Amino acid sequence: MSDLERTPLYNLHVSLGAKMVPFAGYEMPVQYPIGVMKEHLQCRAAAGLFDVSHMGQVILRADDPEVAKRGLERLIPQDVAGLAEGRQRYGFFTNDEGGIEDDLMFANRGDHLFLVVNAACKQNDVARMRAALEPEVTVKLLENRALLALQGPEAEKVLAAHHPDVAALRFMDVATVALAGAECWVSRSGYTGEDGYEISVPVAAATEVAQALLSHPAVEPIGLGARDSLRLEAGLCLYGHDIDTGTSPVEAAFTWAIQKVRRTGGDRAGGFPGADRILSEITDGAPRRRVGLRPEGRAPMREGTPLFSSESSAAPVGLVTSGGFGPSVGAPVAMGYVAAEFAGVDTVLYGELRGKRLPVRVASLPFVAAGFKR
Amino acid sequence: MKFTEEHEWLRVEGDEVVVGITTHAAEQLGDVVFVELPDEGATVSKDDEIVVIESVKAASDILAPLDGEITELNEVLVEEPSKVNEDPEGEAWFFKMKIEDMSALDDMMDEAAYKKYIG
């Protein structure tokens with residue numbers, strides 16, 4: 001794995017007995033000795049600590065913060081200018097065809113914007129922003145910070161023991177707090193469907209902060225395996241699988257994430273790549289749609305499973321983009337795209353597994369109730 | 001017990017062999033969540049994919065270790081796939097089969113050879 005990068009927590013993962021695998025150019029822990037199932041349930045029942053330092057942390061800064069906000073609005077269909085200081089929002093970079101180039105979190109940090117983007121996309125994202133925004137806006141990919149996620153119903157108690165201010169944060173609030181003497185940027189958000197925090201921490205303090213959090217009896221380290229099953233149960237997309245350059249935000253069921261001010265009739269309508277297609281799909285609907293899927297049997301339907309409207313129909317009407325066993329659901333769960341006429345909840349479709357067509361029911365997302373502190 | 005390179009174990013019981021997966025294989029698979037067994041009475045050829053086993057991580061197969069006929073299935077695993085992780089070399093056997101040529105077992109690894117094989 002010599003060409004792979006390592007996060008600042010690599011040695012900690014190895015010392016904790018993690019099984020390391022290549023992911024998005026990094027050597028990452030896929031699981032620890034307790035295994036994917038127990039890690040998943042631990043995060044839902046108490047708390048789990050994730051190393052997500054492979055993700056891109058980016059700062060956009062301009063002499064006038066409004067210039068950076070308006071600049072980012074040229075690349076994403078979200079309301080950036082209207083986001084209050086200390087608040088974070090979900091968004092996505094679009095392309096001229098109305099597809100999704102990456103999804104991201106962006107926060108208004110007063111004199112700058114702070115973005116978290118996917119590891120596999122971060123170089124492209126930075127290049128895209130530099131091409132569109134420089135020189136008025138500087139685009140800085142941070143190499144000197146790790147990113148931790150502390151997730152689960154006990155996360156508040158655990159983190160508040162190190163800094164009481166974090167208890168007052170609401171879902172999608174962002175604040176600067178000192179942990180282990182280091183300046184950390186904490187957002188109340190995550191990728192599990194649970195309450196919790198993402199913590200940007202200087203590399204020099206990363207291991208110390210991680211160990212301090214892990215020393216709490218409620219916390220176990222969680223690898224990428226359980227991260228995937230947790231986010232799937234929460235109905236959250238994995239870029240490159242559930243969304244990609246060929247899926248539009250409306251197909252992906254992200255209309256909620258395009259604020260009214262950017263839609264047709266809004267004060268800052270359009271003006272982002274692919275706006276023609278995306279705005280017309282908001283009005284007219286898209287030919288296919290991302291849905292939740294509950295296989296009726298025990299067999300998991302994984303990515304790539306074709307979906308049919310009957311046991312004998314010739315052409316598929318959809319495709320599974322993520323699927324597996326949901327440890328908290330106690331049954332297989334999946335998501336995928338289906339033609340609009342089959343997207344209604346409780347529609348029965350058939351997934352073809354090993355030559356057999358097995359029933360699967362369209363279901364609402366998420367599969368588990370969100371634990372956010374709103 | 002005899003072992004295959006596909007991490008199955010075989011135990012002779014009268015004129016039948018009992019087949020399961022090794023502790024090592026179960027650990028590698030992780031938490032098993034789904035087991036699909038072949039039909040009782042099925043005639044199988046060596047290396048046929050006859051059992052589907054899925055863990056939280058991935059799907060994999062168990063291959064027929066030899067030519068023969070499936071005589072009995074451990075249906076408990078279908079209802080409780082986690083037994084595969086709890087007792088892979090005991091209670092969690094997958095199927096019994098009658099094999100055509102018992103002498104084929106002689107060519108398989110014994111426990112010492114299997115331990116060396118998995119390093």
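Which residues touch the most other members of the largest nonpolar core? I found A:Leu115, A:Leu148, A:Leu150 and A:Val201, in a core of 122 residues. A nonpolar core here is a set of buried Ala, Val, Leu, Ile, Met, Phe, Trp, Tyr and Cys residues joined through C-beta atoms within 7 Å. Buried means that 20 or more other C-beta atoms, placed from the backbone, lie within 10 Å of the residue's own.

A note on the source: this is a predicted model, where local features need pLDDT of at least 70, side-chain atom pairs count only at pLDDT 80 or more, and totals for chains, interfaces and linings use all residues. Residues are numbered from 1 along each chain as its sequence is written, with chains lettered from A and ligands numbered from 1 in the order in which they are written.

I then took A:Leu150. Beyond its neighbours within four places in sequence, A:Leu150 is in contact (C-beta atoms, placed from the backbone, within 7 Å) with residues including A:Ala47, A:Val158, A:Tyr197 and A:Leu213.

Next, the sheet. Five strands (DSSP E runs of at least two residues, numbered from the N terminus) form an open antiparallel sheet in chain A, ordered β6-β7-β8-β5-β9. Pairing requires at least two DSSP bridges. I noted β6 (88-94) and β9 (138-141) of chain A as the edge strands. β6(A) and β7 (100-108) of chain A share seven bridges. A:Phe93 stands opposite A:Asp102 in β7(A).

Last, the chain contact. Chain A gives 13 residues and chain B ten.

Methods. Contact = placed C-beta atoms within 7 Å. Helix = DSSP H or I, 4+ residues; strand = E, 2+ residues; numbered from the N terminus. Buried ≥ 20, exposed ≤ 12 C-beta atoms within 10 Å, placed from the backbone.
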